[in-house]
Amino acid sequence: MTTPVVGWTEQLAHARLHVVTGKGGTGKTTVAAALALAIASSGKRVLLVEVEGRQGIAQLFDTRPLPYSEERVAATHGGGEVRALHIDVEAALLEYLGMFYNLGFAGRTLSRMGAIEFATTLAPGLRDVLLTGKLKECATRTDDTGRHHYDAVVLDAPPTGRIVKFLDVTKAMADLAKVGPIKGQSDGVVRLLHSADTAVHLVTLLEEMPVRETVEAVEELDGADLRPGAVIMNRVRPPRLPARSVTAAADGRVDATRVRNGLKSAGLKLSAEDLDGLVEETVEHAIRVQAEQRARNQLAEVDLSIVELPDLVDGIDMAALYELAEALIDQGVR
């Protein structure tokens, strides 16, 4: 079995665009927010971007729905800050027309006519081209001295099932434009997303379906020459049994009398019904621990860095985001 690399690597620390994906329900938006906070903790300016129209970032940071502008949502020790951007497709297209074709007024007229919605419906790939184009502009923007405006950009990306198609849509459509500003913009997006400046992190739970989808996504990313970053195991729960007891308990071999005597010596007395329930929960827990170990073994085979985040049973609020960020910092994220 492959021995996984635990924690953040030096290569990941030098990436400028961190794409966070995962199967639906694995908590990728929460992980993306915590990652942005962790990177910002060393005094960096980080942009957290969402593209799916759910306003998930605003909900996490308990703020109003994000407009199409880069809004400050959090500060960190050392002078770091996190800004957030909700990329609106129509606004991105109007910006694009104004930037490359000087069609600001005409673009607004097209918007009123509904032409933009028609165009993105007629060519669905155009939507992702606009989103990745804006992402590239944010990640590569510089000031008058040539310094990058943001030290890092973190993207709350589409789920693993369509991440490769999303990231590579510009490359797939590049042949449609041989010259001109669209060609230059397309080439720039492709170069960024296929470079060492971009890392695609995969969020998973220690469950069969998310793990299987993670492994398949890594294979797809490799096949498309996109760079997988780290596997982030989310909502990891500690085992409650000694390792030597897991196999027997998972097989149903739990000594109820021994459990009763142990509880009695601790001053606890359970009814027969409660004791039976406790034994049943012990067996279920042991079975889950075994399943999680199989998931860990499967993830180790993808040969990527492994990062773990704990299961926070009280839910996610701002304090929880900072707690998750600290867990990432402890594993080398910077």
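Student: Is aspartate 274 buried, partly exposed or exposed?
Tutor: This is a predicted model, in which local features need pLDDT of at least 70, side-chain atom pairs count only at pLDDT 80 or more, and totals for chains, interfaces and linings use all residues. Residues are numbered from 1 along each chain as its sequence is written, and side-chain values use heavy atoms, with hydrogens and water left out. Buried means under 20% relative accessible area, exposed over 50%, and partly exposed in between, with a 1.4 Å probe and protein chains only. The relative accessible area of aspartate 274 is 45%, so this residue is partly exposed.

Student: Which helix holds aspartate 274?
Tutor: Helices are DSSP runs of H or I with at least four residues, strands are runs of E with at least two, and both are numbered from the N terminus. The run that holds aspartate 274 spans residues 272–300. That is helix α13.

Student: Which residues of helix α11 are buried, and what does their cover include?
Tutor: Helix α11 runs over residues 243–250. Its buried residues are Val246, Ala248, Ala249 and Ala250. Their cover, judged by contact (heavy atoms within 4.5 Å), includes α13.

Student: Where is alanine 157, and what does it contact beyond its neighbours within four places in sequence?
Tutor: Alanine 157 sits in the loop between β6 (152–156) and α8 (163–173). Its relative accessible area is 0%, so alanine 157 is buried. Beyond those neighbours, its contacts are Val19, Val20, Thr21, Lys28, Glu52 and Ile163.

Student: Which residue forms a salt bridge with lysine 23?
Tutor: A salt bridge is a side-chain nitrogen of Lys or Arg within 4 Å of a carboxyl oxygen of Asp or Glu. Here the closest N and O atoms are 3.7 Å apart, and the partner of lysine 23 is glutamate 213. Lysine 23 lies in the loop between β2 (17–22) and α2 (28–40) and its partner in helix α10 (residues 208–223), so the pair ties together parts 190 residues apart in sequence. The partner asked for is glutamate 213.

Student: How far apart in sequence are the parts tied together by arginine 45 and glutamate 81?
Tutor: These two form a salt bridge, with the closest N and O atoms 3.3 Å apart. Arginine 45 lies in strand β3 (residues 45–50) and glutamate 81 in strand β5 (residues 81–86), so the parts are 36 residues apart.

Student: Is glutamate 292 buried or exposed?
Tutor: Glutamate 292 forms a salt bridge with arginine 288, the closest N and O atoms being 2.6 Å apart. The two are 4 residues apart in helix α13, about one helical turn. Arginine 288 is partly exposed at 22% relative accessibility. Glutamate 292 has 9%, so it counts as buried.

Student: How many salt bridges does the count come to?
Tutor: Some salt bridges share partners and join Lys28, Glu52, Arg54 and Asp156 into one network. The count comes to 19.
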